[in-house]
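Have a look first, then we'll go through them.

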Amino acid sequence: MAPATLAAVPAATALATLRPGDAVEGVFACTRKDRLAARTGAPYLALELRDATATMPARLFRDADLQGGRFDAGELVAVSGRVVRFREQTQIELARIERATGEIDPTAFLPVAYRDLDELDGFLEHLAREVADQGYRALLDDLLADGAFRARFRLAAATRAGHHAYLGGLLEHTVAVATLAQELALGHPRLNSDLLMCAAIVHDIGKTREFTYGASIEVSEEGRLLGHVQIGLRLVRERAGGRLDEGRLLALEHCVLCHHGADAAPGGRFASVEALALWRLNSLDAAVKGALEHGLDARGSR
């Protein structure tokens, strides 16, 4: 049997709404796959399926090895079966499972920001308009006018498993850091507020190319080899074009380079107060969000 395409599979009922006795047919993310043996010695598959609403265990007893060869953990799978209650646990007893192929909408399988993304987009544009320096403003205007970049920025997570580890997380984190930067600049007029605000908005733009999205959030090849800081530095310089003189461009790049701390800088020292401020503000939002999501003892990924 050929792999099912997403277009050929009926839309799945949200896992969070399923109850014992419900029929299940649709596409889900398979986040766990174990081959086990029943008491009779016959093999079966113990699985975990996920959509954007919940995760649910599943079991496949019929032709376990044959059907198990049609997909791997971490892939999207097309399934059919029925919800049952077994040992006080709700699970899906599967009749069929195979790899799903075709166009993928990650929002159907991955967690999404609770905050309204249109509202966050509006906040981002408002914050960018607060930048008066013509060069920095031109750089931001160019980024925000790029529809493809804007779509990637809106989709991206901030991390895979740390703070803001969900679709839209990068936009939410960026708006938070830029808002903190705006407030800090009001209290410290000697800061170069345009540099700090521009840096706050672009400091994580490398994350638009660091991750891929499907059944799970994974690291792209570019992200694995370079990381989001180096990708971000490349994007900033590409976008700067003739909009910024070399001095202001270097000042912005230094902020991006050091937003995880001065260790990344030559000599291990901040070259500007704005770079120091961005590091602190970025760390503050990441730490608070990480604690809210994972507890006070958790240390969120950067």
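Q: What makes S3 and S4 a hairpin pair, and through how many residues are they joined?
A: A hairpin joins S3 to S4 through four residues. Strands here are DSSP runs of E with at least two residues, helices are runs of H or I with at least four, and both are numbered from the N terminus. Two strands pair if DSSP finds at least two bridges between them. S3 (residues 43-50) and S4 are joined by six bridges and run antiparallel, so they pass that test. Arg50, for instance, has Thr55 in S4 as its bridge partner.

Q: What kind of model is this, and how are its residues numbered?
A: It's a predicted model, where local features need pLDDT of at least 70 and side-chain atom pairs count only at pLDDT 80 or more, while totals for chains, interfaces and linings use all residues. Residues are numbered from 1 along each chain as its sequence is written, and side-chain values use heavy atoms, with hydrogens and water left out.

Q: How do you know that S4 pairs with S6, and do they run parallel or antiparallel?
A: Three bridges join S4 to S6 (residues 89-101), and the two run parallel. Leu60 stands opposite Leu94 in S6.

Q: Why is S4 called mostly covered?
A: Five of the six residues in S4 (residues 55-60) are buried. Buried means under 20% relative accessible area (exposed is over 50%, partly exposed in between; 1.4 Å probe, protein chains only). Across the protein chain, buried residues make up 48% of the 302 residues.

Q: How do you know that the span of H2 agrees with its number of residues?
A: The expected span is 1.5 Å times one less than the number of residues. H2 (residues 117-129) has 13 residues and should therefore span 18 Å; its end C-alpha atoms are 18 Å apart, which agrees.

Q: Which residues of H2 are buried, and why are they said to be on the same side?
A: The buried ones are Leu117, Leu120, Asp121, Leu124, Leu127 and Ala128. They cover an arc of only 125° around the axis, so they sit on the same side of H2. That arc is taken from the directions from the helix axis to the C-beta atoms.

Q: What covers the buried residues of H2?
A: The cover includes H3 (134-145), H4 (147-155), H5 (169-187) and H6 (193-202).

Terms used
Contact = heavy atoms within 4.5 Å.
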